Amino acid sequence: MKIKTFRAKTFGEALALVRREMGEDAVVLSTEEKKGPRPSVEVAAAVDYEAGEAASPKAAIPSWATPISRPAAPPPPVMEQEEIRQLKHTLTEFKTEVGSIRELLEDTRAGAEEARLPTGKRDVLRFLKGRGVREEHARGICSTANNVKEIPRAMAAGVAVREGPMGGKKAIVLVGPTGVGKTTTVAKLAAAAIKARKRVAILSLDSYRIGAIEQVRIYAKIMGVPLEVVPDAGQVKACLARHADKDVVFIDTTGRNPLGDAVLSELAPLYESGVPVETHLLVSATSDYDFLDRAWKSYARLPVDCIGVTKVDEASRYGALYNVSALCGKPIAYLTNGQTVPGDIVFPTREKVLRMILLEGPAGAAPTAAAQR
């Protein structure tokens, strides 16, 4: 076997050299394009030595295309696709097993700590976990509640509720993850404001979601309030000036993945405009706590004033209300428990939230909006 590397200006010229030097039986092993001030190509070719010699009489070769004699390099190791797939599968299984072992150790540790608690505090911990209160928050309540009867008093400090009218700022912007129900909640809040004899307008920044404009347009038409669709937050200030005669303007925004920076970059012009804005963060009562934690870390970069908890009617337990309040440290302003507009929104008291967490049952037994007022 004879192996040589040929250098030329183009692949065509290099292959011509290969044929001229090694004959028509030569086999191309590799090709490489060289960049730089004098670009060129290299072609490595092989041929049976005797066949090559017999088939290709030597010819004059240009000086710039001198063949380069190099020792034959061993072929690189090749990992079959099936081997790679098997390795990935094994790694995934390994990660899953490690995660299971970690959870088992954590459960064992938590069980041991729970077993060391006095009977009354152990009852408190079990009761709260059974109501959906996250364990870390339930243990905090245990530090001041010695038995189940003391839970309401111990929990009260951790449940912040904004009672009374909204903050008094003219513009109220609703933000939150995708699908949390911002547009429907805007309609419910607008209807409540109209009921309180306030002059209302709606602005929509949600030009991203298909059908969002049409949905809020229908709500605005039914309620008889003006709607403006604003292409970007930088134009909100001018829109608010056009609605100077309104008492309150609700601003619907596009739902975004809270793990990205899109929501912050899109709303930055609004907060930089100097317009007094009240910001409501909407979260779903059905969301996983880890998701809520990540969402709050993202939205906390905005000047959030209060929390609206949506889809309460879809939650199996109401411990999420305490979890949200403890996690965000912001007052809960309202709960939504259905799709009906203008109904299915509750402006609860602290006592109402505590009663829901501690006493009220699963979604099927959730009280109606009328019953909660």
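Analyst: Leucine 128, in this predicted model, is in contact with Val133, Ala138, Ile141, Ile151, Met155 and Leu358, once its neighbours within four places in sequence are left aside. Leu128 is also, together with Met155, Val309 and Ile357, among the residues with the most contacts inside the largest nonpolar core, which has 60 residues. In soluble globular proteins, nonpolar side chains tend to be buried together.

Leu128 belongs to the part of helix 4 that meets helix 5: on the helix 4 side the residues are Lys121, Val124, Leu125, Leu128 and Lys129, and on the helix 5 side they are Glu135, Ala138, Arg139, Ile141 and Cys142. Helix 4 covers residues 119–130 and helix 5 covers residues 135–142, and the two pack at an angle of about 145 degrees with their axes 9 Å apart. The crossing of helix 4 and helix 5 is right-handed.

Moving on to the strands, the model has an open sheet of eight strands in the order 6-5-7-4-8-9-10-11, and the pairing within this sheet is mixed. Its edges are strand 6 (227–229) and strand 11 (345–346), each of which pairs on one side only. Within the sheet, strand 8 (residues 277–284) runs parallel to strand 9 (residues 304–310), and six bridges join them; here leucine 282 stands opposite glycine 308 of strand 9. Helix 11 (residues 289–299) packs on the sheet, where it touches strand 4, strand 8 and strand 9, and its direction makes about 165 degrees with that of strand 8.

Serine 204 counts as buried because its relative accessibility is 0%. Beyond residues up to four places away in sequence, serine 204 touches Ile213, Val216, Leu227, Glu228, Val229, Val230 and Asp252.

The mean pLDDT of the protein is 79, with 83% of its residues at 70 or more. Over residues 54–62, however, the pLDDT is below 50, although this stretch has 15 contacts in the model beyond near neighbours in sequence. Residues 363–373 likewise stay under 50, and the model has 22 contacts for them beyond four places in sequence. Where pLDDT is low, the predicted coordinates should not be read in detail.

Note on methods. Residues are numbered from 1 along each chain as its sequence is written. This is a predicted model: local features need pLDDT of at least 70, side-chain atom pairs count only at pLDDT 80 or more; totals for chains, interfaces and linings use all residues. Side-chain values use heavy atoms; hydrogens and water are left out. Buried means under 20% relative accessible area, exposed over 50%, partly exposed in between (1.4 Å probe, protein chains only). Contact means heavy atoms within 4.5 Å. A nonpolar core is a set of buried Ala, Val, Leu, Ile, Met, Phe, Trp, Tyr and Cys residues joined through side-chain atoms within 4.5 Å. pLDDT is the predictor's confidence in each residue, from 0 to 100. Axes are lines fitted to C-alpha atoms, for helices over the stretch in contact, and angles run from 0 to 180 degrees between N-to-C directions. Helices (H or I, at least four residues) and strands (E, at least two) are DSSP runs, numbered from the N terminus. A crossing is left-handed if the near helix is turned anticlockwise from the far one by less than a right angle, and right-handed if clockwise. Two strands pair if DSSP finds at least two bridges between them.
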